[in-house]
Number of protein chains: 2
Amino acid sequence: MTRAINLDLSHSMVEGAVLELESEIRAAHDHLHNGTGPGNQSLGWLELPANYDRQELARLQASAERIKTTADALVVIGIGGSYLGARAAIEILTHSFHNQLPRDRRPGTAIYYAGHNLSSTYLRHLLDILEDKSVCVNVISKSGTTTEPAIAFRVFREWLQKKYGPQEARRRIFATTDQAKGALKQLALEQNYESFVIPDNIGGRFSVLTAVGLLPMAAAGIDIGELMAGAGDMMRATALPSLTANTCYQYAAARNLLYRQGKTIELLVNYEPSMQYFAEWWKQLFGESEGKHHKGTFPASVNFSTDLHSIGQYIQDGLRLLFETVIRIGQPRLEVTIQPEPSTGDGLNYLNGKTMDFVNQQAFAGSLIAHADGGVPNLVLNVPKQTPYFLGQLFYFFEKACAISGYLLGVNPFDQPGVESYKNNMFALLGKPGFEAEKQALEKRLKHTLISGERFDKLILPYQF
Amino acid sequence: MTRAINLDLSHSMVEGAVLELESEIRAAHDHLHNGTGPGNQSLGWLELPANYDRQELARLQASAERIKTTADALVVIGIGGSYLGARAAIEILTHSFHNQLPRDRRPGTAIYYAGHNLSSTYLRHLLDILEDKSVCVNVISKSGTTTEPAIAFRVFREWLQKKYGPQEARRRIFATTDQAKGALKQLALEQNYESFVIPDNIGGRFSVLTAVGLLPMAAAGIDIGELMAGAGDMMRATALPSLTANTCYQYAAARNLLYRQGKTIELLVNYEPSMQYFAEWWKQLFGESEGKHHKGTFPASVNFSTDLHSIGQYIQDGLRLLFETVIRIGQPRLEVTIQPEPSTGDGLNYLNGKTMDFVNQQAFAGSLIAHADGGVPNLVLNVPKQTPYFLGQLFYFFEKACAISGYLLGVNPFDQPGVESYKNNMFALLGKPGFEAEKQALEKRLKHTLISGERFDKLILPYQF
């Protein structure tokens, strides 16, 4: 590997103790690599960067090319792991105002998201701005029956048919779904949608390097070959169980040590606003993998220096439950030099001729020391640049660190049983067949809530195409 | 008051205990209203909705009109409390894709933000898309020397001058700053910028209802008179110390009781994605006000149902440190009816003819019960609609609840001493005059970090207009 992201534990307060977890780490490693741990049916991501199907990737790239030449806008319909990875990559690697650039000034299609919430206002607003655009849709759902994307996809199917007619609408829909079964797979077969597979042995939050993440990224103009190359290099760099040589395992060990010391909130910190959705991807990855059996580090995130002016006070001097993991980017994609302006008294003249990123780096270094002095351990991941290659490294680094962390914590990092609780309640309240028994009991418990709120079914502005 | 937001504590697990805090609440109320508590020089927000200067507001609205007729885009330069309130309001009350709509389909100017981070990439990208637009700038800074906005404003001053010449550039700059002193006030006087005042007795995070928040909102087309009316009604509704009649104080009491029981993380929950920046505003408000002396609830936020597919597992079954405060909107701004589509097997036919918001409301109710059953107390704030009037109520509700919470916790809710720590380090590392002594010591401590990272001052792409 030419260069890798690296980990700096010199301000972590556990640098010296990490090696104490050598044998625990080795056991977790063996479980993972031998497939002897819980969740071992979901390890398809582990060697994916080496064994992914190159022909499938070529077909995917051809579809992305077709989207780029056909459409002004691609609507990605998916929720949770079905959109977070793609969105993270697209925000990091495209222009900060990608969708607002004219077509000839961006390398790919504009990307919009739907089916990731239940806001009718958002969906109507999205349809507003798509009205005069040429649109393709990528619907991403293993089952096809997850409520949010299923509703959005029903709306978009009708919308595309009215706009283009049934034939052309079908040609503009790309389905990423199960290989063989499920409502979306069935529909894709009937309608002859171009389809891509979500493998059975890769869970949603580990699926960013499958077609789930790759098709939207490629349509946005991202070099997914480079992304896979970065992931592959990181896969090889983290293949050995030795803690001393494996920064990924050092990170897992350090965060688990801190958890045992009562540092129960991990803040993922960035100094580039384009990293915000990467933090959202990371929060799902660790939150769903570790948050069970009343255990697990609570994952939160901040954008610095922005949030130094918001949550910074709390970090410096609030409850001492926090540690920070900082993703530090070595070089910005674009630079600004602070130009001399001797006539004004804005107090910045000592920065004349310096770059803005130099200031950003000192904000990082200053906060690192200040927060460590305040009792907040800081782990620093140094990433040379925001490129597809290094992002591929980052995705894989965190996936593997998360799996190892889960095993260290004594949980199955690949399931999410708690997600069913609200769904069952919601289905009962929605009147879904098969949930009749629960409905009445729930409505009784909600009596006060229903009364104190507004109405539940009044129609405000009917939706008509 | 016609109608107010209301609070439902029936799933809070402390509903019965709230009245135990009656005397503590009364003491906090007295400190606040008599000005006898710490931070009593910063109480200008308390009666602002009643006593704000109507003539100033009219002048502000005239400026907003001038911006709307002059410019396609207003760049708001500010950080922390100098932009979060305006951004929260603008995201809630304008179109979800406001900046992308053609001018004749939106009621105000497109709004962009700068000076809220140190990303040179972001700033360059912003300048890219402003290139062919007519631009005004509202720079918001009490001192004028806060690093982030000062750098951005220097860049934009030069940019406007090159684009429009010095005369017209001056006319396009609006300064919101100190009444009498500071670098920005000085510059505004010299250059004859239209200026608005940040009062001395209102801190940044309590300033949303001053010109700080109101000018960008008005330029975006928001009815700020309605906003102030809502704040005024909430001010009157929360003027009495009685806990039984004051939902604002009930909220403060409930969250402080939960804190004492070890619920140290408060998640602000919404079911409308346009509320995301409201949560950011709220996080600053509570994080900076309470997070001191190693105390305070850690403020975090989630967007549901989106994040039920991400952090939902952790909430249901992770460490039991959490409680949720849900902002529930009674009626969506726009509705979508789920149309019958009998031919497909997407599993949604039981929802035919129902509205999307009906589904959203059941997701809320289902999660409420599921999370409460999982041991997560839920406080519900019912807001009838997303309008300027009710948003005015919400802003004031949380400001006052925050002040009372801080006094209950035994801290000064109006200072933020911890924010200086990183700034002092940063200034030293930047080589600011007066910080020479600290510089060497810091660089020694950063030795390992500097070596393991990339370079600190290499220029990537020189910035040239």
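This is a predicted model: local features need pLDDT of at least 70, side-chain atom pairs count only at pLDDT 80 or more; totals for chains, interfaces and linings use all residues.
Student: How many helices and strands does chain A have?

Tutor: Chain A has 17 helices and 10 strands. Both are DSSP runs numbered from the N terminus: helices are H or I with at least four residues, strands are E with at least two.

Student: What makes the radius of gyration of chain A agree with a compact globule?

Tutor: The radius is taken over C-alpha atoms, and the globule rule is 2.2 Å times the number of residues to the power 0.38. For 465 residues a compact globule would have a value near 23 Å, and chain A has 24 Å, so the two agree. The C-alpha atoms of chain A fill a box of roughly 60 × 60 × 55 Å along the principal axes.

Student: Why is Lys68(A) called buried?

Tutor: Buried means under 20% relative accessible area, exposed means over 50%, and partly exposed is in between (1.4 Å probe, protein chains only). Lys68(A) has 17% relative accessibility, so it counts as buried. Its place is in helix α3 (residues 54-70) of chain A. Leaving aside neighbours within four places in sequence, Lys68(A) is in contact (heavy atoms within 4.5 Å) with residues including Arg103(A), Pro107(A) and Ala218(A). In chain A, buried residues make up 68% of the 465.

Student: Why does Asn192(A) count as exposed?

Tutor: Its relative accessibility is 65%, so Asn192(A) counts as exposed. Asn192(A) lies in the loop between α7 (183-191) and β6 (194-197) of chain A, and has a positive phi of about 65° although it is not a glycine.

Student: And His293(A): buried or exposed?

Tutor: His293(A) is exposed, because its relative accessible area is 52%. The loop between α11 (276-290) and β8 of chain A holds His293(A), whose phi is positive, near 50°.

Student: Why is α8(A) called oblique to α9(A)?

Tutor: The axes of α8 (residues 211-219) and α9 (residues 224-237) of chain A come within 10 Å and cross at roughly 140°. That makes α8(A) oblique to α9(A). Angles under 35 degrees count as roughly parallel, over 145 as roughly antiparallel, 65 to 115 as roughly perpendicular, and the rest as oblique.

Student: Which residues meet there?

Tutor: Leu214(A), Met217(A) and Ala218(A) in α8(A) meet Ile224(A), Leu227(A) and Met228(A) in α9(A). The residues of this contact divide into 6 nonpolar, no polar and no charged. Ala, Val, Leu, Ile, Met, Phe, Trp, Tyr, Cys and Pro count as nonpolar, Asp, Glu, Lys and Arg as charged, and the others, Gly among them, as polar.

Student: How do you know that α5 of chain B is mostly covered?

Tutor: In α5 (residues 120-130) of chain B, 10 of its 11 residues are buried. Among them are Tyr122(B), Arg124(B) and Leu130(B). The buried residues of α5(B) pack against α13 (356-373) of chain A, together with elements of chain B including β2 (73-77) and α6 (147-171).

Notes: Residues are numbered from 1 along each chain as its sequence is written. Chains are lettered from A and ligands numbered from 1 in the order in which they are written. Side-chain values use heavy atoms; hydrogens and water are left out. Axes are lines fitted to C-alpha atoms, for helices over the stretch in contact, and angles run from 0 to 180 degrees between N-to-C directions.
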